Amino acid sequence: MTVRPEERGRWTIQDAERLLMSLNGVLSARVVARPGGAIDEIHLLTTDDIKPKQTVRNVESALLSYFDLSVDHRKISVAQTDRRPAVVPVEDEPLHIAQHSEAAQPEGRLLFVAHRIESERANQIRHKVDIEWNDELFTGEAVGADVPKAKLEAVSAATLQALELAARSRVEDERRSITLALDGTKLVDAFDRTFVLVAVHAINGRHITALSGATPVTGSPDRAAIMATLQATDRWVRGQF
């Protein structure tokens, strides 16, 4: 399912349910939303091949990637069954979407797992960000001042370090490791919403690529910074292997 840049943020309940039905292991999906677009509930029936926690992460990532839609994981309920539906090949839109689903890609998406903070010396906070890639966990760390801008930059830097560790696990020669350098993290007000913008320089050998990501702040700005950092780097990192 390809979404043009000008269409990001536009969606219907039917669009969202078709997208969720394309995810690996999902048998049925029901989205409950209030007028104006806020999602109240997501109910999924899945096979028992995929852990519920992984399904919730897939849902969060898919909605964010395709529709710029951030959903609290507590609004997503997953029920499992060991029954398998009969496979009936029909030319319908959900089948078309499934051809572009994460299951069809050689490497799974880089998924956000957790963000933790620890107090350091006076007015300093250590941020730890856990990223999962193909069932492996990678943790990045960064220390920043306890002020809004520095906190956002530190959490983005911690995310980039976790991504570098994930990428390093795919190569045997350290000289082939990639570098992700944070260019900046910023809060921007636009269209009656607040966004976190993240700019990154991705370096592989002599090649430098400018990357960027943007995520609306619907809860914690720190979480939005993590998701914007992943949005900027996910495809580029996976494309190196």
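1. Thr 55 sits in helix 2. Is Thr 55 buried or exposed? Thr 55 counts as buried because its relative accessibility is 2%, where buried means under 20% relative accessible area, exposed over 50% and partly exposed in between, with a 1.4 Å probe and protein chains only.

2. A word on the ground rules. This is a predicted model, in which local features need pLDDT of at least 70 and side-chain atom pairs count only at pLDDT 80 or more, while totals for chains, interfaces and linings use all residues. Residues are numbered from 1 along each chain as its sequence is written, and side-chain values use heavy atoms, with hydrogens and water left out.

3. Now the overall layout. The chain holds five helices and nine strands; both are DSSP runs numbered from the N terminus, helices being H or I with at least four residues and strands E with at least two. Reading from the N terminus, the elements follow the order α-β-β-α-β-α-β-β-β-α-β-β-β-α. Of the 241 residues in the chain, 39% are buried. Among contacts with a separation of 6 or more, 49% are between residues 24 or more positions apart.

4. Axes here are lines fitted to C-alpha atoms, for helices over the stretch in contact, and angles run from 0 to 180 degrees between N-to-C directions.

5. Look next at strand 2 (residues 39-47), which pairs with strand 3 in the parallel sense over six bridges. Opposite His 43 stands Ser 77 in strand 3.

6. Another open sheet has three strands in the order 7-8-9, with antiparallel pairing. Why is one side of strand 7 and of strand 9 left without a neighbour in the sheet? Strand 7 (179-190) and strand 9 (207-216) stand at the edges with a single partner strand each, so one side of each has no neighbour there. Neighbouring strands of this sheet are turned by 15° against each other on average, direction ignored.

7. The pairings in this sheet can be followed strand by strand. Strand 7 and strand 8 run antiparallel and are joined by eleven bridges, and Lys 186 stands opposite Leu 197 in strand 8. Their hairpin has two residues between the strands, and Phe 191 takes a positive phi near 55°. Strand 8 (residues 193-204) pairs with strand 9 in the antiparallel sense over ten bridges. In strand 9, His 207 is the bridge partner of Asn 204, and Pro 216 is that of Phe 195. Strand 8 and strand 9 also form a hairpin with two residues between them, where Gly 205 in the turn has a positive phi of about 65°.

8. Helix 5 (221-238) lies across strand 7, strand 8 and strand 9, running at about 140° to strand 9.

9. A cavity is a set of points, on a 1 Å grid over the protein atoms alone, where a 1.4 Å probe fits but cannot get out; lining residues have an atom within 4 Å of a point. Points are joined across faces, edges and corners, and a volume is the space filled by probe spheres set on them. The count comes to two cavities of 30 Å³ or more, and the largest cavity has a volume of about 60 Å³.

10. Which residues line the largest cavity? They are Glu 60, Leu 64, Leu 69, Ser 70, Val 71, Thr 215, Arg 223 and Met 227. Helix 2 (52-67) and helix 5 each supply at least two residues of this lining.

Definitions and conventions: On a 1 Å grid over the protein atoms alone, a cavity is a set of points where a 1.4 Å probe fits but cannot get out, and a pocket is an open set with protein on both sides within 12 Å along at least five of seven lines; lining residues have an atom within 4 Å of a point. Two strands pair if DSSP finds at least two bridges between them. Contact means heavy atoms within 4.5 Å.
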